[in-house]
Amino acid sequence: MGKIAFIFPGQGAQAIGMGKDVYDQVPEAREIFDVANRVLDYSLTDIIFNGPEDQLKQTANTQPALLTTSYALYKAFEKKGIKPDFVAGHSLGEYSALVVAGVMTFAEAVAIVRKRGQFMEQAVPNGEGGMAAVLGASREALGALCDDITAVTASVEMANVNCPGQIVVSGAAAGIQAVVERGKEAGAKRVLPLEVSGPFHSSLMKPAAVRLDAALSEVHWQDALIPVVSNVSAHAEQNADRIRTLLVEQVFSPVLWEDSVRYMIEQGTDTFIEIGSGNVLSGLIKKIDRSVQIVTLNSLEAIQAYTAQ
């Protein structure tokens with residue numbers, strides 16, 4: 001019997017109405033949304049279920065909204081008694097994984113990710129930084145191109161190593177534009193600028209990391225009960241102090257998603273269960289290794305169908 005990993009999506013997976021079905025029908029899930037509203041002292045639930053979209057897309061709302069939805073779906077699924085051998089999340093999704101692993105409480109996490117979103121939005125003035133998805137380039141060639149552009153134009157670096165042929169770069173606006181113009185030099189078929197409010201997972205985020213480090217002192221840290229595969233190390237982590245350090249580094253370091261998935265597969269994982277809005281991570285894992293089983297639990301209907309098997 002192979003191992004199971006629960007994985008949780010990050011920014012970009014949000015959608016108006018996500019989680020409404022479990023809110024309406026699962027008391028344990030509704031309680032999670034209610035806790036988020038109480039902790040944040042505004043109706044996050046109203047923004048999640050009703051929008052408007054531009055409000056949901058604000059990073060300081062998106063991050064707690066996705067965490068809340070993922071954890072509410074997890075609570076609806078938890079009753080089925082399936083236990084993971086690993087948990088992991090993509091960028092913001094790592095906080096969902098940490099709550100499931102018992103490192104911090106949901107109330108602590110939702111307060112932290114609201115602040116994390118604010119810190120990340122405020123780190124770089126609007127319009128001065130950005131991100132772009134690079135399709136078809138190898139990691140080595142793209143890394144060399146980023147180094148060259150950083151030296152001659154403006155800073156840009158690899159931010160999300162998602163799967164073979166899909167890497168997101170992040171940095172100064174001029175650096176991103178240079179990757180758009182010069183991407184073919186690294187073998188890129190296309191370079192697509194992303195709609196984001198800042199250059200996340202780049203060294204330009206270091207001011208946000210300093211503020212996050214201070215905010216994390218409010219958390220009552222516990223060692224992980226389930227190994228958490230970190231975005232930064234792409235290895236299983238359980239020590240609370242180490243996890244805290246990596247969370248601070250994560251803000252300005254690349255998300256090594258492909259490496260994390262390969263690590264879990266090397267450790268014997270053959271089933272990945274994505275819990276949260278959308279199916280972004282399921283799509284990435286298909287491009288990393290087609291032999292593993294991938295389950296997407298983004299609705300109550302999906303949870304019921306999977307657990308009825």
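**Briefing: overall build and the setting of Gln63**

Of the protein's 309 residues, 56% count as buried. The model is a predicted one. Its secondary structure comes to 14 helices and ten strands. The radius of gyration is 19 Å, close to the 19 Å that the globule rule gives for 309 residues, so the protein is as compact as a globular protein of that length.

**Dimensions and contacts**

- The C-alpha trace of the protein spans about 55 × 45 × 35 Å along its principal axes.
- Taking contacts between residues at least 6 apart in sequence, 74% join residues that are at least 24 apart.

**Surface and charge**

- The protein carries 25 positive and 35 negative side chains.
- The centres of these two sets of charges lie 3 Å apart.

**Gln63**

- Gln63 is placed in helix 5, which covers residues 59-78.
- The relative accessibility of Gln63 is 0%, and because buried means under 20%, Gln63 counts as buried.
- A polar contact of 3.1 Å joins the side chain of Gln63 to the side chain of Gln11.
- With neighbours within four places in sequence left aside, Gln63 is in contact with Gln11, Leu92, Val113, Arg116, Gly117 and Met120.

How values were computed. Residues numbered from 1 in each chain as written. Predicted model: local features only at pLDDT ≥ 70, side-chain atom pairs only at ≥ 80, totals over all residues. Heavy atoms only, no water. Helix = DSSP H or I, 4+ residues; strand = E, 2+ residues; numbered from the N terminus. Rg over C-alpha atoms; globule rule 2.2 N^0.38 Å. Buried < 20%, exposed > 50% of the residue type's maximum accessible area, 1.4 Å probe, protein only. Contact = heavy atoms within 4.5 Å. Lys, Arg positive; Asp, Glu negative; His and termini not counted. Charge placed at Lys NZ, Arg CZ, Asp CG, Glu CD. Polar contact = N/O pair within 3.5 Å; in protein donor to acceptor, adjacent residues only side chain to side chain.
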